[in-house]
Amino acid sequence: KKEGEYEWVRGVCRFCGTGCKVWLGLKNGKPAVIRGEKNSVINFGFLCMKGMLFYKLFRHPDRLTQPLYRKSKKEPFKPISWEKAFDIIADEMIKAIKKGEWGPMGWTGIAYYGSGQALTEETYLFQKFWRCLGSNHVEGNPRLCMASAVGGYLTSFGTDEPAGGYADFEEADTIFIIGSNTAECHPILYRRIMRRKLSNPKEVMVINVDPRVSPTSKIADIHLQFKPGTDLALLNAIANVIIQEGLYDKEFVEKYCSFHKFTKGKDKVPLIGHQVSFEEYKEFVSKYTPEYAAEVCGGNVTPELIRKVARRFATTKTVSIWTMGLNQRTRGVWVNNLVTNLHLLTGNLGKDGADALSLTGQPNACGGVREGGGLCHILPGHRVVKNPKHRAELEKIWGVPKGTIPPKPGYHTVKMFSAISYTEEDKKRFPGLKPIYFIWVNETSPLQSLPNMRRFREGFARDDVFVVVTDIFPTRTSELANMILPCAFHFEKTGVYGCTERRSQLTPKAVKAPGQAMPELWMLVQLGQVLAKKLRKERDPKLRARAKTIYQCVAPFIEAAKRDPWWELSKKVWEEYAQRVTKGRDSTLAGATYEVLLERPDGVQWPAPTVEIARKGGTLRRFVVGKDPLATEFAKKHGLTDWKIIDYGHLHKDHKFWIWLRPYKGPAEPPDAEYPFYLSTGRVIDHWHTGSMTGRIRELAGDYPHTWIEINPKDAQRLGIQPGDLVLLETRRGRNILPARISTEEGPMEGMVFVYWYDQSKDRMINFCTIDAFDPGSKQPEFKICACRIKKY
Ligand code: MGD
Ligand code: SF4
């Protein structure tokens, strides 16, 4: 729309998982300002600084504007044409396929590593491309971010993604914030929570459960501070009090819940375990007396506080939110289950103001990667690689022969990068590991964001690994690439983001991309055609067969890519994904056409099976009969007419929500005499992840030019460290030299230090120090806890 001297284009913010609606203002066709959409039910017109300032990246002088190539990583990059780039990439892919092996997970030599910031259309097409080529080595940074939340939802709800949404904040009496620095990582959601609290400060209670006092803790009525990793004991103790004091919702539990336990050796599928009785669960949690939990947790946790929190949780409408403090843990799935358990026990689900809501870190980890099939074990539309029926459904939609998609999942993130570094240690850790010779890294910078990354960097630096990076800026990863392809940025291409609350929103192209930068979708369509031509000439029939499947993968989009790669191509890919691939699935967006998404100021929440439902915004409250079209249909079909809420998740054959027996287990590397501190890491408000974008925005970089180490004042005093002193931080894996920040108001508990990870300086990249131990279920690494030692430098 036109308003004064500006032309405004509506889209969505490209940073955190909140999904704020924005207007990009163009003056004389040039990006000049961003403002919030005031009618948005997400952000009500507000934006944080990152959201307001990302228009400064459109014409930033560091933007990548032409394809760059070098044969050896020892040589400098040289510009090449797109045509030549695709020719080389296709040759290198075929070379890597041949060097590797063929097996149940497909070709072992090639890998794709993507991002929760890629558009849904992009993740969908990348993973389709890989599967059609015959490889399940498809991964992405959401593994580092929300894999444990997926595991949590799958086990508790039988299907991924939450039941409610942000609107619950305005209805909740208690907001239980655990393992989330919402104030800095989801600032606009924090604003909503703050408004709710201030609307009725006496009645609304905020409970913060975190080992660190963060800006989020400022509005908390109760802050439970405990030793990192001990919250499993705390949550079981809260459940125990709720049961002992008869505060659980008997009707809800009896009708809609069942109890489950996984026993190694007894149960084949950890996601299912076996059913136990309420009595057995009661007996299990009874060991977690408030006294026992207070002792395990340390910090300020007392038996009285545990009782107080339990009573409040059970007797009011409660929304829980969490992020990486729970997910980035070796017991991430379990601790997710334990929070959801509290909601199920107290009937705090499926009602206004009652939800267990895992906040997503990235703008499209949900929409693109979780729903779009962007990890090694999943396929689009909430399907899984291991299920032959799911593979067959997709092969039919894609028009490729049966058996095109390999039957076994590829490597998860830590394993994938270990297959690149391929050291003796890696081979010992992952028996049977097969090396990867080609990797395409899209919209992420793993050589800054992976844990324990020294050996991953060494792997990338070798010349027998061909690395393609698609990005808008040079990064710590592209410095070890062979090929860098310049991409169109957000608003320079068209596509959909799906945020935390199952809401998909469209951002159309509004600005011309600089130089030769192009959308990734266009790149895939070109490369697919080049690869098909080359594969046709191969002798090996297995390889030759892939010429057809890869051509078939891109064929529906060739004409659109020629005519209009900025809009029409994305629309075509979206149509295939939403209308054909998600149709009939619980995450259906079949009704959410581009036309509907353009019309709606706030996008569409799935399930949205028809255009009519999508036009009304889709489904706000999942699982609730009468509100969720799938639940309503399910109730009718199964004769459950007196059920108000139904867990129709495909894993739960009893149609009930599952309460899990999960014991307390500590972190992979607790502090000891040699490394006596807990190290934890996270984000700061003005920077996004690796800082490759926000670090280039003067206003944001000026606020936080470098990272620091936060130390508890008591520890600092003991070690003679003053604010601003340089501190040497060491772990068993690496070291950093960081300025100290010591505050009596904010910061970690005694015995713990905290480092922000956006800094790109090699002395201050904290992921040289973090641990790559991961949750055995979700495979998400434990960025939040490892042991370290510190001293004045
Ligand atoms: P980002 O900075 O988000 O970090 O880590 P990364 O994904 O590695 O990288 C996004 C990249 O996308 C940037 O380089 C940007 O320039 C590029 N980009 C932007 N727009 C486009 C586009 O349109 N196309 C393309 N191709 N590229 C584009 C995130 C990861 O880090 C995550 S998700 C988490 S949750 C982890 N958190 C975490 C932590 O808490 N502590 C520590 N120590 N490490 C962590 N690492 C993990
Ligand atoms: Fe963007 Fe998140 Fe800030 Fe909203 S809260 S403006 S989505 S970064």
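Okay, helix 16 and helix 19 to start. Helix 16 covers residues 413-421 and helix 19 covers 454-461, and the two pack at an angle of about 50 degrees with their axes 7 Å apart. This is a predicted model, so take everything I say today as a description of that prediction. At that angle, helix 16 and helix 19 are oblique to each other, and their crossing is left-handed. From helix 16 the contact uses F417, I420 and S421, and from helix 19 it uses R455, F456, E458, G459 and F460. Sorted by class, that contact has four nonpolar, two polar and two charged residues.

Next pair: helix 20, residues 520-536, and helix 21, residues 541-554. Their axes come within 8 Å and cross at roughly 155 degrees. How do these two run relative to each other? Well, anything over 145 degrees goes down as roughly antiparallel, and therefore helix 20 and helix 21 get that label. Helix 20 passes helix 21 in a left-handed crossing. On the helix 20 side you'll find L524, V525, G528, Q529, L531, A532, L535 and R536; facing them from helix 21 are L543, R544, R546, A547, I550, Y551, C553 and V554. That contact splits into 11 nonpolar, two polar and three charged residues.

Helix 7 brings L234, A237, I238, V241 and I242, while helix 11 brings I306, R307, V309, A310, F313 and A314. And what's the make-up of that contact? It has 10 nonpolar residues, no polar ones and one charged.

Okay, ligands. Around ligand 1 there are 38 residues, and the ones that come nearest are C145, T444, S449, H689 and T690. Helix 18 gives the most, with three.

Ligand 2 has 14 residues around it, and the closest are C13, C16, C20, C48 and G51. Helix 1 (49-53) and helix 6 (187-199) each put at least two residues into that shell. By class, the shell around ligand 2 has eight nonpolar, five polar and one charged.

While we're on helix 6, have a look at S199, which lies in that helix. Is S199 buried or exposed? The cut-off for exposed is 12 or fewer C-beta neighbours, and S199 has 10 inside 10 Å, so S199 counts as exposed.

Last one, T619. You'll find T619 in the loop between helix 25 (611-615) and helix 26 (629-637). T619 has 25 other C-beta atoms within 10 Å, and 20 or more is what it takes to be called buried, so T619 is buried. Leaving aside neighbours within four places in sequence, T619 is in contact with Q605, W606, P607, A608, K627, D628 and P629. T619 and K50 are 569 residues apart along the chain, and their C-alpha atoms are separated by 29 Å.

That's my tour, thanks.

Notes. Residues are numbered from 1 along each chain as its sequence is written. Chains are lettered from A and ligands numbered from 1 in the order in which they are written. This is a predicted model: local features need pLDDT of at least 70, side-chain atom pairs count only at pLDDT 80 or more; totals for chains, interfaces and linings use all residues. A residue is near a molecule or strand if its C-beta atom, placed from the backbone, lies within 6 Å of it. Helices (H or I, at least four residues) and strands (E, at least two) are DSSP runs, numbered from the N terminus. Two residues are in contact if their C-beta atoms, placed from the backbone, lie within 7 Å. Ala, Val, Leu, Ile, Met, Phe, Trp, Tyr, Cys and Pro count as nonpolar, Asp, Glu, Lys and Arg as charged, and the others, Gly among them, as polar. Axes are lines fitted to C-alpha atoms, for helices over the stretch in contact, and angles run from 0 to 180 degrees between N-to-C directions. Angles under 35 degrees count as roughly parallel, over 145 as roughly antiparallel, 65 to 115 as roughly perpendicular and the rest as oblique. A crossing is left-handed if the near helix is turned anticlockwise from the far one by less than a right angle, and right-handed if clockwise.
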